[in-house]
Amino acid sequence: MKNLYFFSLILIFVLSVQRSTGQVKDTVIAYSTSEEKIAVKLYNQGVDAMKNGDYTEAVRFFNQALDNKDDFSKAIFNRGFAHYKQGNIEVALQDYNKSISAEPTANKFYNRGLAKLVQDNIEDAFSDFQKAFNMDETHANACYYMASINYEQKKYSEAIRNFTKAIENDENYAVAFYDRGNAYFEVNEFDKAIQDYEKAIALGLPKAYIYLALGLAKEKNGNIEGAIQAYNSALKIDSSNAVVWNNRGILYFKQDKYEKALRDYNKSVSIDKNFAQAYNNKGNVFYKQKKYEKAVKCYDNAIKLKSDYGIAYMNRGICKEMLRLPDEACSDWEKAKSLGVEQVKTFIETHCN
Amino acid sequence: MIMRKSNVISYCFLFLIASASFAQESIPFDKKDFPDQEKELRAAKKNIRKGDRLFKKGYGYYPQAVEYYMEAQSFNPDNALLNFKIGECLFQTYGKDKAGQYLKRSFMLDSLVHPEVMLKLGKYYHFCGKFDTAISLFKSYKQKYSDKISSETEIMLTKRIMECKHGKQFYDAPLHVFIDNSGSVVNSKYDDYSPVAAPEGDTLYFTSRRPEDEKANIRKDVYGFNEHGYKVATNDSGNWMQPVKMGKSINCEDHNGIIGISEDGETIYIYSSENGGDICYSEQKRKGKWSRPDNLSKRINTKYHEAYASFSDKGHKLFYVSDKPDTYGKHDIFDSRIDKKGKWKKGVNLGPVVNTVYDETAVYMHPDGKTLYFSSTGHNSMGGYDIFKTHIDKTGEWCKPENLGYPINTPGDDLFISFTENGNKAYIASERLGGYGGQDIYEVTFPGEEKQVINTVVMNQVNAYEQNLLQDAYSEPAADIEKTFITVMKGIIFDANTKYPLHASVIITDNQTNEILADFKNDSASGSYLVKLKSGKNYGLTIQADGYLFYSENIDLTEETKAKSIEKNIGLRKVEKGMHIVLRNIFFDTDKATLRDASRAELNRLFKIMQEYPNIRVEISGHTDNVGSEEYNKKLSERRAKAVVDYLVGKGINKDRLEYIGLGFDQPIATNQTEEGRQKNRRTEFKVISD
């Protein structure tokens, strides 16, 4: 599918180059013009340039090929591809459109879908992936991207169905397993999510973010130790991932291992000093340790970095209450309420009359 | 009114052994240790003697004694016994926090300077909530002096150890309440206790042992200054203003205290030290003016010690405290009801579920009229007095009292509880670490269940597709020219009869598009021809010469994967009766008689012959291979032959010139054993039947 040839491109032109002139014994029939040969050669040079990652040069070669043969469909398509790789999506789309009008194929629709997706033109992208799939039901990538759009649109059951089609067409489609895992996660099917993440890892996709997702799913399943192990694996791959440190800290917090949690949060904010959530969580450790002033400073930081951080306002209010500052506590809870934090409503009713 | 923790210790014993074996580190007040400071030494010893005299007089004089001891201490800070005495004085009075350093120093200098050092230090650690240390000191003390201690002391030690164990449990599960000292405006360095919250919420009555004048040196009993009732109110900002001593009508005796208040706040209950301690009441005549206290009732007040008054049942039921002879321990809690004549009945002991062999006091009925609070040194106290609560169950019996727990209760004395009207706050009196001295008034705030802070888990589930968008696009691979396979076809074109070379046209057609790809003449002299055809197409090769029937060949190179050479000598026949040709470029749909478009070029050649030779009649015959039944094949071949005839008729050829016949597999021209042979047998023939 990926390497679809367009046989129509190599049209055979049979014509006599040597006419019978009395003594001619053989009649030689050639099948290609010199312009076509040149066009193919230039086209191939363009393909070579793409292999070397030189898309500018590739575009130049494809342009020259098209100067020699203006209906060279393959060259038009590949030029679109080279433009796409350079981020020139509009130009790429023009070439894809031309190529599709000449002869529509699954891959052409699929490529155009990708370009539209880059432009955030989600609906048209989906329609192109759908067309690609209609032309070739084994097109795993088209299924995958339809699923990804479903996922983005929070249509998780449809996403799961399409990811599954992608996997049925390509049983080693590691990324599809990972993304289907995410969709299962969203519908609270954590066992299935874990299974998919583990499959993605087994298929050789040992990215830190998969272990992060695995950790989250295991935590949701109540397997705190398993989640910690997943985060440990993530950190082995990438110890500079502030999110993983933060999330592992929360697990230690849940286990009442406050010092360990604090170490993880500190590491997290040392990597990303603008990580509001890690500051909030660090504040929570201090709260548990009854170091309320220190906790308040952490929440202050979190709120400074993320002014709509309702949870941090709520937490700071709780600490202010412990510091016997009821007015400030109520003010924080009111702010949290305005930011949509439901939990504070009872606090306000009970303490802020 | 107030019961202090009983620490009756023989201080004579202490002085008897004061001169006994000092440890090496302890420095005695001796000439040889201070050879050049005779005068200072004499002054220090004099201070010790003065301190000792006050010490002997009792608790009330301990603060003064400490002043003299501290003078001596500044001269010689390393005397174990002096450190012990200072520690003891501070611990027993208003300086428990400070006592620790002297007791520890004494213990370190000479742990045997006095048998009580170990015990007092244990009590200090107990007070501080260092339960394990306290337990080990109590146990060590018990073991070390097992042959000397009295049975009372042994019981006390057992109780202390038990209290420490209770304390550990309570400290492990602290309550979610706020305890705030009411501050230095309300509290003094003396005992401040018995808080009674007035219904209006902004006024608090309490009792204090503070002197009217700091310089006054009048101590009426061993506890220090006399106790009196005070009133304190909040200002507009909610802060306490300076407490005001209640007027002489209330504070008319040596000891008076505010011990209760009616629901409407118009009657206060007063403790009077007269008659061994009685409960009196006073009514507010106008704002701030109270009537002279009257005795509550002769049936309630005996010659023994009665105190505290709290009511339920709209003021018809009274709870109070007395140490009259029919108690289980020291003070017990009693209740009484108003009889038909409006008089209080004789008090009834609440019974052994509430009252213990220890001391119950400071009774308080919650405004809900059901929950009874009191203080006790018994039950599961964690040290000194703790506050308990109980209620009457469905059977009408008092339930087992429940310790309110830490931090409302501590190992020190925690007594009295009085709730404000909305129930969110209460006042207690407590002697605990961090106070202003002695007992202080504390505010207890009940913030409800402990609020849970929320962590933010960062999901950050990376959408893999966003990362793969650029990688996942397809591109076309290189076009490989060299991989096109050429079929070379060559041979001689000649007259089939004479065998002479013929000068003929060679026409190559794309059977897919019916496009004529090439049309040229062969070499006239040799009759030779040569064509090169590229793989990937289905070609029709037609040779035709004037006066001859054309020859057609189908060369299908659609799936060709190698270069090859075909030599084919072609004999053309003149158009005459009996002559026939195989039409190689007529194609039908599988198992049907539908002509494919690819057949059109060949059919048109037939049409042309029929036009050029208007007199000939021809027979079109259909032939098949031997796959399938004979009948089926005959019918199929006949329908196919007819389709060719119909085409020509459709183009305008008279149908009388055309015949068709289906021969099935009757006339094979090749073997039916091979696919190649079968393909040759599947054919259409053109035969001239008259000219």
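In this predicted model, the hairpin formed by strand 11 and strand 12 of chain B has four residues between its strands, and D313(B) there takes a positive phi near 55 degrees. Chain B has 12 helices and 33 strands, while chain A has 19 helices and two strands.

- Strand 11 of chain B covers residues 306–312, and its pairing with strand 12 of chain B is antiparallel, over six bridges.
- One of the residue pairs across these two strands is S310(B) with F319(B), its bridge partner in strand 12 of chain B.
- Strand 12 of chain B, residues 317–322, is mostly covered, with five of its six residues buried.
- Strand 12 of chain B also pairs with strand 13 of chain B, residues 332–337, again in the antiparallel sense and over six bridges.

- Four strands of chain B form an open sheet in the order 30-33-31-32, and the pairing is mixed.
- Its edge strands are strand 30 (580–583) and strand 32 (658–662) of chain B, each of which pairs on one side only.
- From one strand to the next, the twist averages 20 degrees.
- Helix 11 of chain B, residues 630–650, packs on this sheet and touches strand 31 (617–623), strand 32 and strand 33 of chain B.
- The direction of helix 11 of chain B makes about 160 degrees with that of strand 32 of chain B.

- Another open sheet of four strands in chain B has the order 2-3-4-5, with antiparallel pairing.
- Strand 2 (192–197) and strand 5 (244–245) of chain B are the edge strands, and each pairs on one side only.
- Strand 2 of chain B is joined to strand 3 of chain B, residues 203–208, by four bridges in the antiparallel sense.
- V196(B) has Y205(B) as its bridge partner in strand 3 of chain B.
- In a regular strand, side chains alternate between the two faces of the sheet.

- Chain A has 353 residues, of which 50% are buried.
- In chain A, 40% of the contacts between residues at least 6 apart in sequence join residues at least 24 apart.
- Chain B has 691 residues, and buried residues make up 41% of them.
- For chain B, residues 24 or more positions apart account for 57% of the contacts with a separation of 6 or more.

**Confidence in chain A**

- The average pLDDT of chain A is 88, and 90% of the residues score at least 70.
- Over residues 1–32 of chain A, pLDDT stays under 50.
- The model has 66 contacts beyond four places in sequence for that stretch of chain A.
- Where pLDDT is low, the predicted coordinates should not be read in detail.

Terms used. Residues numbered from 1 in each chain as written. Chains lettered and ligands numbered in written order. Predicted model: local features only at pLDDT ≥ 70, side-chain atom pairs only at ≥ 80, totals over all residues. Buried ≥ 20, exposed ≤ 12 C-beta atoms within 10 Å, placed from the backbone. Contact = placed C-beta atoms within 7 Å. Pairing = 2+ DSSP bridges. Axes fitted to C-alpha atoms, helices over the stretch in contact; angles between N-to-C directions. pLDDT = per-residue confidence, 0-100.
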